[in-house]
Amino acid sequence: MTPTQSPDTHLRDDSSGGRSRRAFLATAGSAAVGVGLAGCSGSAPRAESSSADRTFQMVGSSIRTLDPAAATDNESATVVSQLFDGLVHYPKGDPDPELLLADDHRVSEDGTVHTFELDPEATFSDGRSVTAADVVYSFERIAASENSTSASDLLDVLGVEHGTRTVETDDGTAEEYAPGTLGVEAVDDRTVEILLSEPFHAALGVLAYPSFAVVPEGVVGDVPGYDGEMSQDEFATENPIGAGPFTFETWEKDVEYAVSARDDYRGDGPYVDGIRWQVTSDPSASYIYAINENADAFWVPSGKFDRSLVTIESTDEQGRKVGTYGPLPENGKTVQYHQVPLTWTYYLGFNTEQVEKPVRQAIAYVLNQQTQVEKVHEGRGSRAAHLTPPGLYPGGNAAYRDHAERYPYGLTETRFEAAKAVLADAGYGPDNPASVRLTVYEVAAWKETATLLRDKLARVGIDLTVEQSPFSAIAERGRNGQLDAFSYGWTMDYPSPDSFLKILYPPSSDTYFFRWGDTPAAERATAAWERVLDHPSASERDRQARVEAYREMETANWEDVVALPLHHPVGEGFYYDWVDVPKTGAAGFSKHKYNHVEVGERE
């Protein structure tokens, strides 16, 4: 976890194109992913509040925008999820999407037309009804607005029908979306049709992302044909109008932001008066703020976490654990403890043109994922054998574990002799070491990971140079082919292995800094990903073809060690007894609407 970002932070790289578009690039490198809380810059005394105060108090990092079409970071997405509703959503962060603004959904026989019937009780926070025209406008903004960061989600991934136009660029000409040609149509006031160029099995998963929230027709004039009721800046910072369970209250940059409960929300709740986030950037100070009982929910940073204080009382079918943590050494309180496996994978990536395959394999032999989780991350996560997290792996956790038994490098042991053998065959050894430069995030956990690996590799014949760099610099150098090996994280953008395995498609591997090609394993990965693309529907035939292709891509990656899986983090929440927060799902805290939270009388 970086000291300037919350544990649940990720950034997105929109430089990829076509069918292997958007990347979620996790800048966090913490031992665990928390409740979206960061630290506090001080330990201010607890403010006086009456027993009737029902505001849910949290701590958060700075947000960037309140415009759902423009949100790319988890902090902004967390607030967007409270203010806005979409046609579908991830209920309490569960990656299985459900209808929200829509109360009925139909798909044509060929899978290319999705019809949604809107809930007639749905209204925006300013009182106007939600109509099909609002959906058409909202999607047009996503496709055409210069403020949108999700156009490729709509046009390339979901594959909504649209026209293009030729534009001049510095490199010649290019095709871009032609405004007004989007295949999203208002059949009547309550009925919307979304027309896809081909069927797509994860369509609802894409539509559930917070960027696809519905806003009032014409509220911003940043697309052709709409004058706009206000500027995009006003909408994004002062007056966001959505159909979610809360309304905007305040946002003071780098100080606080808050939302208030709607009393006319059509769904459940809200059961709190509002939510307030104290903005801070230091996890340790955030903890001090929380143990002074200024926050109802918080996260315990690695330096303060003591696993002996965790008592697990139950584990559900999703692997989510509920219990207690405490007593807290600083205030003696025992708090509620929630843990959820997240759809997130951390890995070491390799530029295959600069790091030879035997060297990559030797690093895989020496890396001990179990030690990684236990020593570096204090058990707050699970060892990774696949790029796809267990919750999204075909067949779920059990199938993940079964296939992981075939992992060739060892997940629970350091295999020095195997590493020496593969290096010796390539002409390397302690007297003639291979040289590799590993660039990791400016995060303590990644530095510890790299140092442990460096010391082990010195014993087998690899001279590992470790350097730390800001995330933005890693991304820029990776795009320019200037990295040997690098730390990276990947999180779900829609609930399917596609979300992760698209980065292992060799023809687009330069986008993800791997530069992978011209090997038998790369050829198998290429053929497998193309089978995924050729079987896009939700039919059982296509699903089974994708499952086989997913496994082929994972094993091809094992063979060539392009992205070396390290661990899958868990999300954690620590809650005082006076607050009742439903368990969050694996999609993460930024997609959890807090209309079901209840706050009782504070002690």
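User: What lies over the face of F305?
Analyst: That's R380, at 3.7 Å from the ring centre. Keep in mind that this is a predicted model.
User: Ok, and which charged end sits over the ring of F416?
Analyst: The one of R459, and its distance from the centre of the F416 ring is 3.9 Å.
User: Back to F305. Why is its pair with Y325 called stacked?
Analyst: The two ring centres are 5.7 Å apart and the planes make an angle of 15°, so F305 and Y325 count as stacked. Planes under 30 degrees apart get that label.
User: Where do F305 and Y325 lie?
Analyst: F305 is in the loop between β15 and β16, while Y325 belongs to strand β17, so their pairing ties together parts 20 residues apart in sequence.
User: Are those two buried or exposed?
Analyst: F305 and Y325 are both buried.
User: How many aromatic pairs does a search of the whole structure find?
Analyst: It finds 30. There's also an aromatic cluster whose members include W344, Y346, Y441 and F513.
User: New topic: strands. How do β6 and β7 run?
Analyst: Antiparallel, with 5 bridges joining β6 (residues 102-107) to β7 (residues 113-118).

Conventions. Residues are numbered from 1 along each chain as its sequence is written. This is a predicted model: local features need pLDDT of at least 70, side-chain atom pairs count only at pLDDT 80 or more; totals for chains, interfaces and linings use all residues. Side-chain values use heavy atoms; hydrogens and water are left out. Rings of Phe, Tyr and Trp (its six-membered ring) pair if their centres lie within 6.5 Å; planes under 30 degrees apart count as stacked, over 60 as edge-to-face and the rest as tilted. Helices (H or I, at least four residues) and strands (E, at least two) are DSSP runs, numbered from the N terminus. Buried means under 20% relative accessible area, exposed over 50%, partly exposed in between (1.4 Å probe, protein chains only). A charge sits over a ring if NZ of Lys or CZ of Arg is within 6 Å of the ring centre and within 35 degrees of the ring normal. Two strands pair if DSSP finds at least two bridges between them.
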